[in-house]
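Hello,

Here is the structure I said I would pass on. Please open it first, then read the notes below alongside it.

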Amino acid sequence: MSTTENVERELKFEAGKEAAIPSFDSVEGVDAVDAASVAELHATYFDTSDLALARHKITLRHRTGGGDEGWHLKLPSTAGARAEVHAPLSAVSEGPRPRSQTACESTFGISL
């Protein structure tokens, strides 16, 4: 798999307990609707010790499991959307290794 780029738009909605879930089969722009499935995901999020990435609305994640496992870099884009770069898993499945003591002190990972 090669590196890919796309724009992600995430919208959140809330409905009451009695709301019926509609069929998405006939919604324009929906290519396919599949049955629900379960995937076990393991993610580590990276940032600097002073949370510079989070302050600038940048997310760097290494995730295993699911259909899009790999490296995910999410960058600020236009209002309501984020640019996302996805790269396949590297040979180091548990994440990157710092190249120097300085790199080790300036970044950290949080596993979820």
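**Surface and fold**

The protein exposes about 8,900 Å², and 56% of that area is supplied by carbon and sulfur atoms. Please keep in mind that this is a predicted model. Of the 112 residues of the protein, 15% count as buried.

The secondary structure consists of two helices and six strands. Read from the N terminus on, the order of the elements is β-β-α-β-β-β-α-β. I also looked at contacts between residues at least 6 apart in sequence: 49% of these join residues at least 24 apart.

**The aromatic pair**

How many aromatic pairs does a search of the whole structure find? The search finds one. Its members are Phe46 and Trp71, with 5.8 Å centre to centre and 40° between the planes.

Where in the chain do Phe46 and Trp71 sit? Phe46 belongs to strand E2 (residues 42-48), while Trp71 belongs to strand E4 (residues 70-76). The two residues are 25 residues apart, and the pair links distant parts of the chain.

Are Phe46 and Trp71 buried or exposed? The cut-off for buried is under 20% relative accessible area. Phe46 has a relative accessible area of 16%, so Phe46 is buried. Trp71 has 17% relative accessibility and therefore counts as buried too.

Regards

Key: Residues are numbered from 1 along each chain as its sequence is written. This is a predicted model: local features need pLDDT of at least 70, side-chain atom pairs count only at pLDDT 80 or more; totals for chains, interfaces and linings use all residues. Side-chain values use heavy atoms; hydrogens and water are left out. Rings of Phe, Tyr and Trp (its six-membered ring) pair if their centres lie within 6.5 Å; planes under 30 degrees apart count as stacked, over 60 as edge-to-face and the rest as tilted. Helices (H or I, at least four residues) and strands (E, at least two) are DSSP runs, numbered from the N terminus. Buried means under 20% relative accessible area, exposed over 50%, partly exposed in between (1.4 Å probe, protein chains only). Contact means heavy atoms within 4.5 Å. Accessible areas come from the Shrake-Rupley method with a 1.4 Å probe; for residues, only the protein chains shown count as cover.
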